There are 4 protein chains.
Amino acid sequence: MNTFGTLFRVTTFGESHGPALGAVVDGCPAGVALDPAHVQAALDRRRPGQSALTTPRKEPDQVEVLSGVYEGKTLGTPIAMLVRNVDARSQDYQTLRTEDRPGHADFTWRTRFGHRDPRGGGRTSARETVSRVMAAAVAEAFLARELPEVRTVAWVAKVGALECGAPEASLTRAQVDVHPTRCPDPKVSVAMAEAITKARDAGDSLGGAVDVRITGLPVGLGEPVFGKLKATLSAALTSIPAVAGVIIGAGDLELNGSQFHADPRSWGGIQGGLSNGQPLELRVLFKPPSTLREHALNGRHDPCVLPRAVPIVEAMVSLTLADARLSMLAHPHRP
Amino acid sequence: MNTFGTLFRVTTFGESHGPALGAVVDGCPAGVALDPAHVQAALDRRRPGQSALTTPRKEPDQVEVLSGVYEGKTLGTPIAMLVRNVDARSQDYQTLRTEDRPGHADFTWRTRFGHRDPRGGGRTSARETVSRVMAAAVAEAFLARELPEVRTVAWVAKVGALECGAPEASLTRAQVDVHPTRCPDPKVSVAMAEAITKARDAGDSLGGAVDVRITGLPVGLGEPVFGKLKATLSAALTSIPAVAGVIIGAGDLELNGSQFHADPRSWGGIQGGLSNGQPLELRVLFKPPSTLREHALNGRHDPCVLPRAVPIVEAMVSLTLADARLSMLAHPHRP
Amino acid sequence: MNTFGTLFRVTTFGESHGPALGAVVDGCPAGVALDPAHVQAALDRRRPGQSALTTPRKEPDQVEVLSGVYEGKTLGTPIAMLVRNVDARSQDYQTLRTEDRPGHADFTWRTRFGHRDPRGGGRTSARETVSRVMAAAVAEAFLARELPEVRTVAWVAKVGALECGAPEASLTRAQVDVHPTRCPDPKVSVAMAEAITKARDAGDSLGGAVDVRITGLPVGLGEPVFGKLKATLSAALTSIPAVAGVIIGAGDLELNGSQFHADPRSWGGIQGGLSNGQPLELRVLFKPPSTLREHALNGRHDPCVLPRAVPIVEAMVSLTLADARLSMLAHPHRP
Amino acid sequence: MNTFGTLFRVTTFGESHGPALGAVVDGCPAGVALDPAHVQAALDRRRPGQSALTTPRKEPDQVEVLSGVYEGKTLGTPIAMLVRNVDARSQDYQTLRTEDRPGHADFTWRTRFGHRDPRGGGRTSARETVSRVMAAAVAEAFLARELPEVRTVAWVAKVGALECGAPEASLTRAQVDVHPTRCPDPKVSVAMAEAITKARDAGDSLGGAVDVRITGLPVGLGEPVFGKLKATLSAALTSIPAVAGVIIGAGDLELNGSQFHADPRSWGGIQGGLSNGQPLELRVLFKPPSTLREHALNGRHDPCVLPRAVPIVEAMVSLTLADARLSMLAHPHRP
């Protein structure tokens, strides 16, 4: 339930307003170069409070590596990482003890678990993704050794009805991060920022889409028939809070097959469930957050999660690829 | 890899042109009434050759139950079911021994597994879904005992650019099956049938969307944080051949949050990853099949998989719900 | 529950008196040479009715390979194998419909599953091990390619209080099979045969021990900390019906450490949970069967399961080693 | 690998001489009363340095609960627990950087993982069991709610060749803990203590056996055919460092079946792989530690691990029972 992956396994823990959040990565091979500064850098990219567009909650999110790494290399043992919660104003949420927030998980969790954490979203809060980002930093260290050609770059492609075109093939994460919206088209980015500000001022919110492009994949990642790469990526991405869907490939599904298949981007880099060595593009759909104004005032939620979702989308892709790579290694054919 | 589910587990086997296809269902509780005739009826709904719109391959698809059932009730032991392949003209595919079909999985499988099954699609063929449909008949027998209110009804909502509106809340599977296209809107159905026929005659193909509506769900199905119901449903559905994406909820994601959340259909019946007791709607996107005319002549593929995909979509939903139900039982809270 | 292994996964099915028994092996890499005749030979070694010492039930146990193999090589897809039950005299067991057999699983299964299979032992019968033996034949084909030095040889070391000494290091399966008791010491074997015959005539039964020796292991098989090789072997062997314990290593545990560790046979070929390249010896303890005379008359059970247990012990070892090998491949360190 | 259990899942982390040891318990239902003081009390029972018979390493082993518990009750979310290492004199082990210790895991780990942790045993050290004891305290809190009749009591039954008889049925953990050896027979306990002291003075070590008795079990715990209770208990117990075997039941396996089955203690409380409601007895065999005098001087190891193994044996039993209980809940039969 709180573990992701079959061979590269991540177990996450921590409530939004509890003492700490953490991740234990089990299955990362030994000898992978892992610098805690890279984990910290990944957390910094995810951290709230970086621009006026996101939640004002302030968390330093300083990682502590508790196990599994020695002298800059993984030991092959579980890698446990911890981030303390600091700015956990649970008093903001005291009214939740008696009242379900509309559009939130309060009701479903209360029914299922016989309680709901009155200190805030608990495990349904987007703060849970801190654990995913830490774990993905380990996955990316592993991929850097194992599949050094792989690049995963995500960007905000859509906010409300505003949409940008396909960016250059050479787009990097650094180029995306230049924009407060993480939309790489400067004009569309400005329009998105205005729309988000306007929604916040109106106590409203906006959804949209994050697109992600994966290049440098080997041929053959994925497992037939239930572990197809498109299925594991979809599960990984849909497990992110607020995600409302995943579309594989950049093709226009209204086209006839002859036209559709003439464009390699349509195929999504996957055939028969396995990567085919071509770039893989996915679109991740986000719904607008449900937090209404009165709750936003105390609960400090984002009017639009898209800009902060970019590193989380990349994280889930990297975790999926690391797991698929180990699975491929486990079932070799020998010439 | 070929096993679906955590507690209600289905292991499938069989190549498209091998001796047989099968499924082993492990984890179905004892004492569930299971009539092999219901399994057969489910297979009959999936079977090709039922209308001019689908592949001409003729398979009787007669199920044999090998274990796990005694005097009409499940024993709590694994339920193994078998269907023999009859019309497996593997000679049609002899040219495949030396040649990769464009747009097919031939290349990725050959690279990954050191061979590709020269007898046809092997495990990448849609024929593999026979196993899913058999297993889902068991899942539906279990759900009929365990969650008797649950109804899962899917239909063809889109073929190419042709789309029908939302059907009545009372729509049944039988009403869907009346239409050769399995689109419940009579006018749109006729237009879709014409489009499919035209595509076939042109050696071309069409994609589209199957919509599925699940009603009667209890509150609380799903497991935080990686086993959210939206994530397990997405993985299940995306594992179907030709599926290019899944969208949860019927809401317009371009709307502001205040408008979006005003409509319960937007939420998709899921909050915080758990079912909330409301109807759940999903859209499953299919790409147009890649088989070109020269291969279609011998390989006998569908110009449009949508009509036949309807029972397969329902099957994957039922398998997911059965597994989620067992997981919910496994972690009770006690008042 | 009915699946063994993490990466080399075996799902078994079939009731003792149902239509068939089977196994699905998922995770065996592609390209492994697999001859159905080897599977059949493994079944023949296990089959009852081979000597006067074992149950008179007559089953041809002819294997049918349903999937996963093409032109003598594995495809990398699930390998399903089937054996039909022929001599299933379930009428012998009709009294079981109303009466629990003392010492049998009837009572526990009835309580847990709300029924007990009135046709005999169902899944608790030793007949279930047919599936294990078939699957292990695939595991051994994989090991023959992957770890060709590995040899697993088991023998009956003890029946009641009769015990043989350690056999030669060069002992082979064929040398063991020469003896109806599968005890390789000719004198002790004769005494064991007499004891078994005497027990049968008295409507009584005998337990004992099967010893197993594994040579040619690489260094490093096993997974810390819960997947230690000693733990996975113990679980595998203890899952065999009638097994009452497993002892790792051939050392005398009453010795002081200095003496104990002076003999490499004491260590059991495992250090820190991983194989160390030395021969590994285990003792598998069996309790005497509980079937009393009145049931033995119709139910046709063995007075002593030890001789027939030898290939089953070897089977569970081979399945464990195949799984451990895939796990080792999945987590490589790179120099 | 570092996760135990299927539904009540424990993931452990931490090296013997790293910053910390921890456990994440996932799958514990919500609403279970859990007092951190009980976790601490469990750790205190395991802690070294309590008597002259055990390793002089001094660790306060103060637990910190990081998540999953709120106002004294479990939330249904992962419960993460942490213990900092304090007395980790890794400089004691500096010679290990170049030299493998005979009888230790140094060689196997170096081969498998490309390194060995020069700071000491890493994950092969018995210190790893801190994580198991913390997790088992949660399992026992769950069992106290779910199966309040269950009692698990272990004791040292054998040291070298010294053995005590079966204790009273009413034996409690507190009565066992009175004795520095944890052997409940006062005379044998004194003799054992002398033998251990003598072995230590001689730079030698001793093995033996811990017996464990489980009472108050319901009927039906365990999962056929690979998850039989005897198999899961064996795997759990054999995963403990230094364990060399597990014997189920207290029967004399040299007896004829008629005599053997006349004594309920022989059966081990398990039939057909499922608990039968009778007391279950197991014997856990330990080999003498391999640490020789020169290493013992700096490495501070125990001459005999038996006394400290008692709470660890109980811990692994409790974890196994909690997992089996959830599995039983997950597959209900309905009358």
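Visitor: How do you know how chain C is related to chain B?

Guide: A rotation of 180 degrees with 0.0 Å of shift along its axis superposes chain C on chain B, at an RMSD of 0.0 Å. The superposition is by least squares on the C-alpha atoms of residues with pLDDT of at least 70 in both copies. That is therefore the relation of a two-fold axis. Thr11(C) is the residue of chain C that comes closest to the rotation axis, its C-alpha lying at 3.8 Å. This is a predicted model, in which local features need pLDDT of at least 70, side-chain atom pairs count only at pLDDT 80 or more, and totals for chains, interfaces and linings use all residues. Residues are numbered from 1 along each chain as its sequence is written, while chains are lettered from A and ligands numbered from 1 in the order in which they are written.

Visitor: What makes a residue of chain C count as in contact with chain B, and how many do?

Guide: Two residues are in contact if their C-beta atoms, placed from the backbone, lie within 7 Å. By that test, 31 residues of chain C are in contact with 31 residues of chain B. β3(C) gives the most to this side of chain C, with four residues. The same surface serves both copies, since 100% of the contact residues of chain C recur in chain B.

Visitor: Why is α6(B) called oblique to α10(B)?

Guide: The axes of α6 (229-238) and α10 (306-330) of chain B come within 9 Å and cross at roughly 140 degrees. Axes are lines fitted to C-alpha atoms, for helices over the stretch in contact, and angles run from 0 to 180 degrees between N-to-C directions. Under 35 degrees counts as roughly parallel, over 145 as roughly antiparallel, 65 to 115 as roughly perpendicular and the rest as oblique. So α6(B) is oblique to α10(B).

Visitor: Which classes of residue make up the contact of α6(B) with α10(B)?

Guide: Among the residues that meet are Leu233(B) in α6(B) and Val317(B) in α10(B). The contact divides into nine nonpolar, two polar and no charged residues.

Visitor: What makes β1 and β4 of chain A the edges of their sheet?

Guide: The open sheet has the order β1-β2-β3-β7-β4 in chain A, with antiparallel pairing. Two strands pair if DSSP finds at least two bridges between them. β1(A) and β4(A) each have a single partner strand, so one side of each is left without a neighbour in the sheet.

Conventions: Helix = DSSP H or I, 4+ residues; strand = E, 2+ residues; numbered from the N terminus. Nonpolar A, V, L, I, M, F, W, Y, C, P; charged D, E, K, R; others polar.
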